[in-house]
Amino acid sequence: MAIKQTQILKTTQTLTPQQILFTRLLEVPSFMLEQRIQQELMNNPALDIAENEEEENENLDEMDYDNTNGDDFESPNDTEQELEDNFDNKDDFEELFAEEDDSRDELYRNISNHAADDEVREMPLASRDSFQELLKQQLGMFQFDEKEEALAAYIIGNIDENGYLKRTAKEISNDLLFNMNIRIPAEHIQKLIDTMIHRLEPAGVGAQNLQECLLLQMERMPQTQTNQLATEILTKTFTEFLKKNYSKIKQKLHVEMEEVRAAIEVLVKLDPKPGDNGDELERKVAYISPDFEVKYNEKSGELELTLPKYDLPELCVRKSYRNLYEEIKKKNYLSKAEKKENLDFIKQSMTSAEWFIESLSQRETTLYRTMECIIDYQKEFFQTGDETTIKPMVLKNIAEKIGMNISTVSRITSSKYVATPYGTYPLKYFFSESMEREGTEVSSIEVKRIIKDTIQNEDKSKPYTDDDLQDILAKKGYKIARRTVAKYREQIGIPTSRLRK
């Protein structure tokens with residue numbers, strides 16, 4: 001067999017370290033940005049708060065150094081100690097500059113500036129995303145690379161407030177392929193769900209349905225005879241269990257009624273909605289600090305957009321650190337290799353500080369442009385507060401207008417909120433599918449509202465089935481499939497008619 005050497009031309013795109021930093025900052029909610037800045041200040045000795053830097057420079061100007069020998073004012077030993085202290089966190093910076101695959105995202109650097117109001121205002125509101133954040137925090141107990149962590153976080157992003165994963169592994173695989181051009185086999189995603197997501201607390205989280213949710217909880221319980229029977233009831237007689245047909249369970253499993261009752265007692269103590277099982281204290285203090293504020297000026301008829309600052313400090317590169325670079329160049333007691341290593345690190349630290357400051361500025365500008373585009377798209381809602389005026393809008397609509405990748409817009413809108421005169425809304429609320437009503441394009445939000453109102457007013461002894469809801473919507477001019485009705489019902493957190501009795 002002959003071995004042939006061929007040349008293949010392949011085009012790939014690689015994100016720069018600064019672009020990686022920028023994309024990560026885009027995901028940070030505004031109220032957590034101060035914490036992220038403090039973390040960077042601790043890690044990077046070249047980065048400082050502008051106010052502190054001014055005071056330090058004033059103190060240095062007032063000091064009178066006795067430098068009769070014409071040497072530097074500090075001793076070689078002092079300089080060595082300072083270098084040793086500064087290089088303690090060198091690994092942190094090396095990690096920042098590590099290569100990262102950019103197939104998930106694309107950035108555009110030509111960003112114009114917008115002014116933002118400095119007014120600080122908080123509108124407390126219970127956060128729907130707090131449960132997902134608690135789940136993401138648990139990822140630290142697993143050992144995996146950044147790609148696996150990013151995939152796990154993406155899966156968690158599809159878990160609803162009740163703790164259910166409403167997308168199958170195949171659907172998630174398709175989402176990643178079509179929306180982000182990432183090819184990950186469904187089998188790999190399912191393995192991650194089984195081995196990681198299902199191990200998160202509370203037990204039962206990440207299940208596709210009620211049966212799987214209860215089985216996941218049973219897996220963590222002691223394997224007593226009663227618990228084993230409870231698991232068997234879920235796997236073999238789940239329909240009978242839902243209908244409370246205990247005689248049928250007894251007959252099918254060939255057990256005594258007393259054993260069935262004992263197993264049922266175990267099952268009824270399980271939580272059908274593990275998403276509601278989080279730390280109550282955590283939930284009470286989980287408030288939303290809006291990332292945007294939109295006001296309607298009745299005099300001018302214009303909508304006014306501002307980005308709350310939340311007392312974020314103004315940052316700068318430390319002047320003394322720049323001076324340190326020049327001083328080390330003059331030190332003769334360091335070997336050539338040591339001097340190069342130290343100078344490279346200082347230069348890298350200063351570059352990192354400059355990138356961080358620039359990325360923060362770009363973050364603000366990009367958020368402003370994105371929200372400005374959403375307001376323009378949903379102008380009637382922001383003027384009136386009428387939710388029925390919300391137009392169908394998908395990530396692609398906004399991405400095309402601001403000249404960015406869909407996945408970038410997804411990062412921007414994730415876990416971000418806007419305060420309006422009519423309440424505080426997650427940005428994702430304004431994204432919805434398009435559908436027709438008597439030839440007119442309407443948002444799926446309107447259909448969900450009708451489903452919710454209809455179910456709230458139903459006869460509780462005879463709750464509407466999905467077929468009934470489909471007929472009701474059809475009479476109102478909305479011709480949609482029954483499976484779509486079921487999907488919308490699940491998205492607004494309403495169980496099937498069988499469980500609403």
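**Sheet and salt bridges**

Reader: In S6, which residue is the bridge partner of Tyr417?

Author: This is a predicted model, where local features need pLDDT of at least 70, side-chain atom pairs count only at pLDDT 80 or more, and totals for chains, interfaces and linings use all residues. Residues are numbered from 1 along each chain as its sequence is written, and side-chain values use heavy atoms, leaving out hydrogens and water. Strands (E, at least two residues) and helices (H or I, at least four) are DSSP runs, numbered from the N terminus. Four bridges join S5 (residues 417-420) to the antiparallel S6, and in S6 the partner of Tyr417 is Pro426.

Reader: Which strands stand at the edges of the open sheet?

Author: The sheet has four strands with mixed pairing, in the order S3-S2-S5-S6; two strands pair if DSSP finds at least two bridges between them. One side of each edge strand is left without a neighbour in the sheet, because each has a single partner strand; these are S3 (302-306) and S6 (423-426).

Reader: Which residues do salt bridges that share partners join into one network with Asp466?

Author: A salt bridge places a side-chain nitrogen of Lys or Arg within 4 Å of a carboxyl oxygen of Asp or Glu. Asp466 meets Arg482 at 3.7 Å, N to O, and Arg489 at 2.8 Å, N to O. Asp466 lies in helix H22 and Arg489 in helix H23, so this pair ties together parts 23 residues apart in sequence. Besides Asp466, the network comprises Asp467, Arg482 and Arg489.
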